[in-house]
Amino acid sequence: MIEEQVILVNEKDEQIGLMPKMEAHEKAILHRAFSVFIFNDKNELMLQQRAADKYHSPLLWTNSCCSHQRNGESNIEAGKRRLQEEMGFVCELKEVTSFIYKAPFENGLTEHELDHIMIGYFNENPKINKEEVESFKWMTVEEVKNDMLEHPDIYTEWFKIIFEKYYSFISK
């Protein structure tokens, strides 16, 4: 099986090359990524708990889905593809902002990503892919923010960064 490639970018989000995903994480090289936030009509956010066998951040809670764009794929196309692959549904998405972050992990890998934040709306429960997602739940943004203060160790690093720095883009 050919390893997935990530899109290497500069700080202006201009593509400068491709690299195998694991190599980019081993070398902490800046690459393009995305984080999707799905809300329902009750203004609740769909959270996912990452699968136990993920190579980093297993069983941690995070946004509705996230991943890396493929070469030639738009941010919205990538978000819809991964929503279907991870959560079993597709909905319209809107990109709201992007940011760069760097987060080292205990296993020696580092996420160094230019992360595009997208928002969508869906009112049903997902049909999760158990290879990707352990569980899901709906919480209001305020409930998540408060729980994150009380239990920061159960959330992914990028999710904490988004809540700390980009709260205004995902709160209503």
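Alanine 28 sits in the loop that links helix H1 (21–27) to strand S3 (31–39); helices (H or I, at least four residues) and strands (E, at least two) are DSSP runs, numbered from the N terminus. Its phi is near 55 degrees, a positive value in a residue other than glycine. With a relative accessibility of 18%, alanine 28 counts as buried, a term that means under 20% relative accessible area, with exposed over 50% and partly exposed in between (1.4 Å probe, protein chains only). The model is a predicted one, in which local features need pLDDT of at least 70, side-chain atom pairs count only at pLDDT 80 or more, and totals for chains, interfaces and linings use all residues. Residues are numbered from 1 along each chain as its sequence is written, and side-chain values use heavy atoms, with hydrogens and water left out.

A positive phi, near 65 degrees, also occurs at aspartate 13, a residue other than glycine. Aspartate 13 belongs to the loop between strand S1 (5–9) and strand S2 (15–20).

Leucine 47 is part of strand S4 (residues 44–50) and is buried, at 0% relative accessibility. Leaving aside residues up to four places away in sequence, leucine 47 touches several residues, among them Trp61, Phe136, Val144 and Phe159; contact means heavy atoms within 4.5 Å.

Val144 and Phe159 also take part in the contact between two helices, in which Val141, Val144, Lys145 and Met148 of H3 meet Phe159, Lys160 and Phe163 of H4. By class, this contact has five nonpolar, no polar and two charged residues. Two packed helices are described by the angle between their axes and the distance between the axes. Helix H3 (residues 141–150) and helix H4 (residues 157–165) pack at about 115 degrees, with their axes 11 Å apart. H3 is therefore roughly perpendicular to H4, a label for angles of 65 to 115 degrees, whereas those under 35 count as roughly parallel, those over 145 as roughly antiparallel and the rest as oblique.

The cysteines remain to be described. A disulfide is a covalent bond between the sulfur atoms of two cysteines. A search of the whole structure for such pairs, with sulfur atoms within 2.5 Å, finds zero disulfides. For cysteine 65, the nearest cysteine sulfur is that of cysteine 66, 6.6 Å away. Cysteine 65 is buried, with a relative accessible area of 0%. For cysteine 91, the nearest cysteine sulfur is that of cysteine 65, 9.1 Å away. Cysteine 91 also counts as buried, at 10% relative accessibility.

Technical notes. Axes fitted to C-alpha atoms, helices over the stretch in contact; angles between N-to-C directions. Nonpolar A, V, L, I, M, F, W, Y, C, P; charged D, E, K, R; others polar.
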